[in-house]
Amino acid sequence: MAELKILTPPIATRGQSVFALCFLGFALILFLLLPYQTTMVEDTTWHKQPGFWPMVSIIGMVVFGVLHFWRLPRRKLEKIDYKEALLWIRGVEFVLWFMIYVSLVPIVGYLPSTLIFVLPLIYRQGYRKPFHFYCGALFVFSVVIFFKIILEVKIPGAALYEFFPAAIRNFLILNF
Amino acid sequence: MENILLGFDVLARWDVVLAILCGSIGGVIIGAIPGVGPAVAIAILLPATFSMEPIVGLTLLLGIYGSSMYGGAIPAILINTPGTPVNALTTYEGFPMTTRGEARRALSLAYAASFFGGIFSVICLILMAPILAKVAPLFGSREIFLAALLGLVLVIIAHRGKILAAGMLACFGLFLNTVGLEPVKYSSRYTFDQSWLANGIDLIVVVLGLFAISQAYFLMSGDDVKIRVNKVRGNLLQGFRELSRHPVVAGISGCFGVVMGIIPGVGEFTAQFMSYTTAERISKRPKAFGHGSSEGLIASEAANNAVPGAAMIPLLALGIPGEALTAMMLSVFYVHNVIPGPGLFLYQLDFVTALYLALLILNVVVVIFLMFATNFLVQLVRIPNRYLGVCILTLGFVGVYSLRNNPSDCAMAAVFGLLGYILRRLKLPIIPIILGMVLGGIMEVKFRSSMSRVKEPLDFIDRPIAAMIFAVIIIVLLVHFLRVMREWEPRKERKWTYRKSSSKFGRLLFNRRKHMLDDRGKVLRNLQLMSPARKKED
């Protein structure tokens, strides 16, 4: 049985009831919104109704959500659960970092914004040696070269490039 | 034979060859870095493959998928940390061998077993292709709907100990698929009058959020671990010689890998577990298992590597992905308007054969690469976790933004990343959401088209294959419920044995009061009242 445990690790206890309650609340809200967010089409059989599959999925969410909450090893909220929820909220910091990066790309360009994003984030993660920053810069250049120049992924040019002469602007838009 | 030659003809292009090389070598490198894994890499590269031809994009992704487990065995054996989640069982046998000073033997054995598993599955598939070509056209809308339903049921049941959570998350995946404009009546579903939700929630955005971005958050919020690794010296080919001494274990493990790979929703974990336990049962030295047994290592690695090839069967023959990675590959087909399913085997068998041959070639490429690059790959495990998190987040951006250059996609991916981060912390499964989304789309379309020909409920299963799949669903559910009941009884018994009454204080007082008021309590109370001291007074 030890092998089975290593393949399917047991669920963590802390924060489990907070998540189950939040999920259940979300599912119930969706269920209540069902008549308002889907339309009933007249002269159409039940399986062709636009709201049929949302209804099936939401009912499944509610039923499994209730059962999951009921079968939890500990349903009562304790201090450790709130601490865990606080850790989740701290994860929002990375969401903000990511969104700042996203908003910078159309303004300053892919390469500069990636540098602006990666190097401070490396610092924020606690790395202070110049080696880490050199590696970070190297990583940024290699990512931009690989994706933008070799794979030619679609990332538009920046507003900042408009200030450059035409030849340089074209080069920057195409490559960085 | 003709098909094989046609398959080689499809592959004989410089871009396909480059894709095989990049995919296989890249996959090994990704697998060797604990914390990245093939799902993250495939999610990031997925939008980039949309601009490639289907065969090029698919061989690249297949290369990563098929070779990552080779790389994952390296940290599993040397530092007791699986490179990919499916290498977890390899640590059981590989690391004890390393502590005994047999790292080279363990690594070479893992490579040989992986190679055997990979080649075995491809040979099985090439032999099965003509049968599949005959069976696949028998699948109509009803059969595909039922097969998708079976896949969903199996995905939920496969998460032992977390079945209810897996069910809840699979239904959430089903719901995500319904958001947006309904494709037939064009009425909006859960768009909240937001134009950016009208097109629905893109699978790639969800995949990138749940796999790549969440992994980045998870690594960045964790701690770095100091690791010491030693160089591996000597010839790594000796494992092939040792593997030839255990043909039964290797063969059984390969078979388990192929069978479990074909069944949607089951995958590597079950294949690995079943082959490992079978190898333990048939071994002459079962006590060596868990202490560096070569047979255990062969069983684990051969079963793992036999799955990727087999997992392509339900995808190619029916258009039903059995796991998250093949679900991602399905989107490559859709982008290029190549519809996987019965038609693919009928009209594009050369394409299917080319994919199998690509799998065969990549196994050879990987083994040659590993013979020379193992020592370099060993050093990759020294990249700090949080640093790796920054890199993954940066790469995650390219994946999401290059899709439609839409900031709302990025915001959505960031939010799904947060959800994935929470699920990772709670050790809840992510895969049911992805499969719920993919299978939900297939089920909705196929259910609608099949119901138009059904007058009575039993008409749905009046065809032999539909009836067979329906029977399998019923059997799977029955077996599961019987097992739940069997496990329920001892649990109840244990509860009665150890906890005669509630340990809660309020309940304790209530029980005592109740007990004092019942007939037996009254007798006892009277006896107490009639204590020797009182008797004397009387």
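The model is predicted, so local features need pLDDT of at least 70 and side-chain atom pairs count only at pLDDT 80 or more, while totals for chains, interfaces and linings use all residues. Residues are numbered from 1 along each chain as its sequence is written, chains are lettered from A in the order in which they are written, and side-chain values use heavy atoms, with hydrogens and water left out.

**Where the chains meet**

Let's start at the interface. Here 75 residues of chain B are in contact with 75 residues of chain A, contact being heavy atoms within 4.5 Å. Together the two chains bury about 6,900 Å², with 77% of it on carbon and sulfur atoms; buried area is the accessible area (1.4 Å probe) that two parts lose on being put together, summed over both. Met168(B), Tyr190(B) and Tyr387(B) supply 11% of the area that chain B buries against chain A, more than any other three residues.

The interface holds one salt bridge, between the side chains of Arg425(B) and Glu84(A) at 2.7 Å, N to O. The rule asks for a side-chain nitrogen of Lys or Arg within 4 Å of a carboxyl oxygen of Asp or Glu. On the side of chain B that touches chain A, helix 17 (residues 385-404) gives the most, with 12 residues; helices are DSSP runs (H or I) of at least four residues, numbered from the N terminus.

**The nonpolar core**

The largest nonpolar core has 226 residues, and Phe19(A) and Tyr217(B) touch the most other members. Such a core joins buried Ala, Val, Leu, Ile, Met, Phe, Trp, Tyr and Cys residues through side-chain atoms within 4.5 Å. Helix 16 (residues 349-380) of chain B gives the most to this core, with 18 residues. Not counting residues up to four places away in sequence, Phe19(A) touches several residues, including Trp88(A), Met168(B) and Leu419(B).

The listed contacts leave out residues up to four places away in sequence.

For Thr278(B), a polar atom of the side chain lies 2.5 Å from the backbone oxygen of Met274(B).

Terms used: Helices (H or I, at least four residues) and strands (E, at least two) are DSSP runs, numbered from the N terminus. Buried means under 20% relative accessible area, exposed over 50%, partly exposed in between (1.4 Å probe, protein chains only). A polar contact is a pair of N or O atoms within 3.5 Å; within protein, one must be able to donate a hydrogen and the other to accept it, and residues adjacent in sequence count only if both atoms are side-chain atoms.
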